[in-house]
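Here are a few exercises to work through with the model open beside you. Try each task before you read its solution.

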Amino acid sequence: MNRLAWIVTGALLVLPAGCDRGAAPADPSSGSSTPDRSAEGPRGAGLNVLLITVDTTRADSFACYGHPEVRTPNIDRLASQGTLFEQCISSIPITLPSHTSMMTGSYQFVHGVRDNGFFYVAQENVTLAEQFKELGYTTEALVAAPVLDAKYGLDQGFDYYDQMGTALWVEQLQAKQAERARENEASDAPEMPAPVAEDDEDFEYLYRPAADMLEIILPRLEGVRDKPFFMWTHFFDPHLPDLSPPEFREQYSDQYFAEIAYFDHYLGKLLDKLDELNLTEKTLVILTSDHGESRGQHGEHTHSYFIYDATQRVPLIMRLPGKVPAGARVATQVRLIDLAPTVRELVGLPETPQNQGVSLWPVLDDPLRDLELSAYADTLTGQFSFGFAPLRFVRDGGWKYVHSPDPELYNVAEDDLELVNLIRSEPDRAAAMKAALRQLIAESPEPPAGRASSQAVDSIDLARLEALGYISSGDEEITAAFAEGSELDHFEPVGENPRKHLELIELNVITMGAINKQDFPVAEQMCRRLLELDPDNPQHLKRLGDVILAQERHEEALETFRRALALAPQDKNIRSVLGPIGWILLRQGDNEEALEHFRLAQKNNPEEFRPYLGSAAIHLAEEDYAAAAAAYESAAERIPFDPFTWVRMAMAYKFAGDLEKAEERLRYVLEREPQMTEARLQLGNVLERAGREAEATEQFEQAAREADEPGRAYRLLGVLHSNQRDHEAARDAFEQAIAADPDNADGHYNLGTTQIRLSRPDEAIESFRRATEINPAFGQAWYGLARTLQNNGRIAESIPPARQAVVLLPTSASAYRVLADSLEATGDPAGAIATLQAGAEAGVRAPLLLNDLAWRLATAARDDLRRPREALQLALESLEKSGQQKRNALDTVAAAYAAVGQFQEAVLAVRQAIVLAEQAGLDAQAARMRSRLELYQREQAYRVSE
């Protein structure tokens, strides 16, 4: 009679001491859960242990477990050489806490890890790795997914912990940005960095596939071949998204099976390596999974929210030649928490106070033995994500009781799909199992660090978790409150049954799938349906804002983010929208409010780098270059080396005038990325500014040799030669730039300016004209064309390009003056005055423009064009602003005074102008001024001739 039958028939609602902890006596007459082997010592002192976990794998997905379609020859080989456990139960359908149970031998309410991301393995826990390390073993872990990053605490005790990690994820993201930067041409002016977008390329490497894992694992295995080791290798492939190669995809219509076959292929290579290194005979190999996958059963397509056997029954195979029976199958129920005590017994490690599992060596000695173990499982993901009730079960003697607001009872021995809920027809059994579940918790060891160990999570980690389908609120108040009290204090479920909200749960999964596929319209549709079902959930609003922003509807995204913040102003996850809000405000030109949001985002998550990039963008826009450099420094401290950020940092230092720091940053980039053309060009620019022209030339020339598209390098080299007045060398450089990049307007414009300096106006005209053809909005090129035509007597031709220059350069005094001069020269003095007047009214108050306008208004031959008093006012303003050009301004002031009849003032002004002209050696100008002086002395105004 099994324990459950004993409980029911005896009408007792408690289990014998010890059984509630799942520790069945090894011998019916003994009170010990594990045989006493102290006399004979450990079974395999000095033997190796290789733990292989493959994520999200159902027990029935392998051929050796009876699947009729999937082909798993290497898993089958392992099973034929070892022992297969038919009924192994995971304690939770979530990766991090399940692996923690394997490593500690305790349930999640004891080790404290209750979900992915927001919880961690507290140091008070004792893991297998720590025990092996104390025993002198080499301990190594190689994990495939970021949900197992070292930051979550499972690295404790491992000498080497190889992870994908935030660092690698961000490094890849930033490397792509750097590549984009290298492809784009940067000007000498500060550029505002774009917000980091989490697009399809940024999420293409969510985990390391099996092929990549083998490249890491095999060399590490070779490195430990001559010393005892405990090695944990983790594969993620059966987990969504499906990333198996085409050769596996083509074999199966169901891509879940393709992923299983893909893993099996590389497992074979790992087993072959053990053979090659002569490690097979002295290595206990354990193959298992953290949890399964629902695949549509009970309405759930993935995992986390429910605890049916689709996610809780996992494969377990052990192989150790000579010690583990070959080809054996074990029918009795076992648990993942039994792995740690089984391994401990093998090598002689002591049990820990928190241990709840039992050694499986008794059943390995006798595969037909029934250990009569109770299995516990729970999930609180629905509680963390939506505030639903937690779910728990106890599985015992072929029966399973699910404790929830609507309890369930299944005869899993006969109803393995859990289709028939017997809660009404078996009330006594249900009551007994509920009591057994409560007693199991009550008699469990004291949690070393409390029933839950929570921590903050940054926005990148949240994005990665969501990309892998894990959706939790991240509200620190929820997780902190959850840690209060004992597990029994939380035993009775509070909240609604997640089963009643299946549409809500599945919509979340569909939404994340659509986001990962960049199908934002579908994601938006799903988000809006989620809000219909759950209108006050800020998580849905946040995600809706994300997908709206991805579609570049910035105003709508801003409003949506603000609504989410209003609903949950203290929720750390929701507050992650502060950064995107800052970017939207920055895009709208509201720098002050944007900067405030970036500062709030920095406080919300000090380790997040993007708000610092946002602050840097604002400081650049406001020309506060020292502050921009400091912001880039802060961003760089929070991410792995990213050349793009470092180059922008150097540019900020350059504009701030700190050329030494700019050079240091750029040389650091080039040490790490010697082929980064942008960094080399910026270094050349810094060296040129520092007066080290020869070194700058070397950098530009090297960049031109190495760059795939050297046009920009040649242009900068040409500018350097121009600044050195080596116009022949400049012309050669600009011609090389055009040869490399013939459709770049800057190259033709630069060549045109050099041809002018070489007194080749006709060639300059053609160069400027070509620049305007390539880029019709290139105002400086239109101005250069107009000015060159004008200076070479082609006045009428200069007027159309001069008009274009005025339109495109509305703040350029020179553009207005060129047009005015050409109009005057072609007999349109009214047009000339109107052009200069338009410039002044548009806010162009440059002294030369004001002087030209004042001169024409004071001296016009036509009476209808003269406006003497306005001329005097403009002339005096020009004089005040003139600086070193006071002689011209004084000459115009004199003409204006004469025009209004103030001849004494006119005489004084023009005499000062004559002195300045003579001092400058401008005898011809001085002579013209003396002739006007004679007019003013005769009290006559000066007029230009018709």
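**Exercise 1.** Which exposed residues does the face of α28 turned away from its buried side carry?

*Solution.* Keep in mind that this model is predicted. Start with the extent of the helix: α28 covers residues 693-706, 14 residues in total, and spans 20 Å from first to last C-alpha, close to the 20 Å expected. Next, pick out its buried residues, which are Ala-696, Thr-697, Gln-699, Phe-700, Ala-703 and Ala-704. They lie on the same side of α28, because their arc around the axis is only 165°. Now turn to the face pointing away from that side: there you find Ala-694, Glu-698 and Arg-705, which are exposed.

**Exercise 2.** Find out which helices the buried residues of α28 pack against.

*Solution.* The partners are α26 (659-672), α27 (677-689) and α29 (711-723). Now look at one residue of α29, Gly-718. Gly-718 counts as buried because its relative accessibility is 0%. Beyond its neighbours within four places in sequence, Gly-718 contacts Ala-730, Ala-733 and Phe-734.

**Exercise 3.** Describe how α30 and α31 are arranged.

*Solution.* Begin with the axes of α30 (residues 727-740) and α31 (residues 745-757): they come within 9 Å and cross at roughly 155°. Finally, list the contacts: residues of α30 including Ala-730 and Phe-734 meet residues of α31, among them Gly-747 and Leu-751.

How values were computed
Residues are numbered from 1 along each chain as its sequence is written. This is a predicted model: local features need pLDDT of at least 70, side-chain atom pairs count only at pLDDT 80 or more; totals for chains, interfaces and linings use all residues. Side-chain values use heavy atoms; hydrogens and water are left out. Helices (H or I, at least four residues) and strands (E, at least two) are DSSP runs, numbered from the N terminus. The expected span of a helix is 1.5 Å times one less than its number of residues. Buried means under 20% relative accessible area, exposed over 50%, partly exposed in between (1.4 Å probe, protein chains only). The arc is that of the directions from the helix axis to the C-beta atoms. Contact means heavy atoms within 4.5 Å. Axes are lines fitted to C-alpha atoms, for helices over the stretch in contact, and angles run from 0 to 180 degrees between N-to-C directions.
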